[in-house]
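Welcome! Here is a short tour for someone meeting this structure for the first time. Take a look at the picture, and then we can walk through it piece by piece.

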Amino acid sequence: MIDYDLLLSEAKKIGVDLGEYGADRFDTYAERLVRWNEHINLTAITEPDEIVIKHFIDSLYIMKYVEFKPDEKLVDIGTGAGFPGLPLLIANPKLDTTFVDSSGKRIGFLRDVLSNIGLSGNRIHERAEEVGKNEEYREKFDYATARAVAPLNVLSEYCLPLVKVGGLFVSLKGSSGMEELAAARKAIEVLGGEVVKSEEYQLPNGDGRSIIIVRKISQTPTKYPRKAKKISTKPL
């Protein structure tokens with residue numbers, strides 16, 4: 001379905017070597033995405049080259065800035081159709097990856113894709129703020145990732161409680177990422193984080209993107225995350 005040469009060459013440009021087996025898995029992922037999208041709303045992007053650039057390469061861009069080690073733990077918040085967590089898992093099959101989403105149908109889609117590509121990942125059908133309060137998951141992850149789920153100040157309250165001290169919260173944003181960062185610095189500090197990297201870049205098709213990387217330098221106060229309504233109506 002997808003153009004292997006496009007995927008492999010664009011991944012290589014950002015320092016990611018997928019190999020043929022990785023490309024096969026991405027091809028299956030794209031095929032299942034388009035098929036499931038006929039029945040549940042997963043993505044507005046269904047053209048193969050756009051899936052490669054706007055979903056797969058966009059997600060893999062994290063690896064230009066972060067080097068994942070085997071058995072490290074990553075949680076992908078509001079994962080939706082698996083972005084960016086599943087592309088990161090395909091590129092790093094030994095990454096201990098947990099997918100969190102409030103939609104059972106989307107979690108079902110991820111179960112199907114993982115089964116078809118022969119990889120395992122933990123799936124949690126739950127709201128992010130509830131996962132952040134759960135002692136089984138709170139401050140247990142080396143990385144938390146999210147892509148365009150909510151404004152950065154809101155997103156930080158969902159993600160940082162899950163990151164262990166010394167770990168990273170990595171947010172993929174569109175062209176407004178730097179504006180969101182300016183408004184989120186207070187929230188990041190209150191939640192125990194420190195911005196270590198923020199950069200704007202362009203996808204191969206010219207779309208503007210930004211990445212914000214936050215290191216967890218102290219424990220998140222126990223009062224966070226708050227209930228979802230309070231997070232959205234009274235963001236930090």
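## A helix on the inside

Let us begin with helix H7, residues 152-159: eight of its eight residues are buried, so the helix is largely enclosed by the rest of the structure. Please keep in mind that this is a predicted model. The buried residues of H7 are Leu152, Asn153, Val154, Leu155, Ser156, Glu157, Tyr158 and Cys159.

Seven strands build an open sheet with mixed pairing, and their order is S3-S2-S1-S4-S5-S7-S6. At the edges stand S3 (122-125) and S6 (193-202); each has a single partner strand, so one side of each is left without a neighbour in the sheet. On average, neighbouring strands here are turned by 15° against each other, direction ignored.

Helix H5 (residues 104-117) also packs on the sheet, where it touches S2 (96-101) and S3. The direction of H5 makes about 170° with that of S3. As background, strands of a sheet pair through backbone hydrogen bonds, either parallel or antiparallel.

## Strand S7 and its two partners

Strand S7 deserves a visit of its own. It is mostly covered, with seven of its nine residues buried. Strand S5 (residues 163-173) and strand S7 (residues 208-216) run antiparallel and are joined by six bridges. You can find Phe169 bridged to Val214 of S7, and Ser171 bridged to Ile212 of S7.

How many bridges pair S6 with S7? There are nine, again in the antiparallel sense. Ile212 of S7 turns up here too, as the bridge partner of Ser198. S6 and S7 form a hairpin with five residues between the strands, and in this hairpin Gly206 takes a positive phi near 95°.

## Two helices that pack together

Now let us move to another pair of elements. In general, two packed helices are described by the angle between their axes and the distance between the axes. For H2 and helix H3 (residues 48-60), the angle is about 125° and the axes are 12 Å apart. That angle makes H2 oblique to H3, and H2 passes H3 in a right-handed crossing.

Which residues meet where these helices pack? From H2 come Phe26, Tyr29, Ala30, Leu33 and Val34, and they meet Ile51, His55, Phe56 and Leu60 in H3.

## Aromatic rings

Our last stop is the aromatic rings. A search of the whole structure finds eight aromatic pairs. One of them joins Tyr29 and Phe109, with 6.4 Å from centre to centre and 35° between the planes, a tilted arrangement. Tyr29 lies in helix H2 (residues 19-37) and Phe109 in helix H5, so the pair ties together parts that are 80 residues apart in sequence.

Are these two residues buried or exposed? Tyr29 is buried, with a relative accessible area of 0%. Phe109 also counts as buried, at 0% relative accessibility.

Definitions and conventions: Residues numbered from 1 in each chain as written. Predicted model: local features only at pLDDT ≥ 70, side-chain atom pairs only at ≥ 80, totals over all residues. Heavy atoms only, no water. Buried < 20%, exposed > 50% of the residue type's maximum accessible area, 1.4 Å probe, protein only. Helix = DSSP H or I, 4+ residues; strand = E, 2+ residues; numbered from the N terminus. Pairing = 2+ DSSP bridges. Axes fitted to C-alpha atoms, helices over the stretch in contact; angles between N-to-C directions. Contact = heavy atoms within 4.5 Å. Phe/Tyr/Trp six-rings, centres within 6.5 Å; stacked < 30°, edge-to-face > 60°. Parallel < 35°, antiparallel > 145°, perpendicular 65-115°, else oblique. Left-handed = near helix turned anticlockwise from the far one by under 90°.
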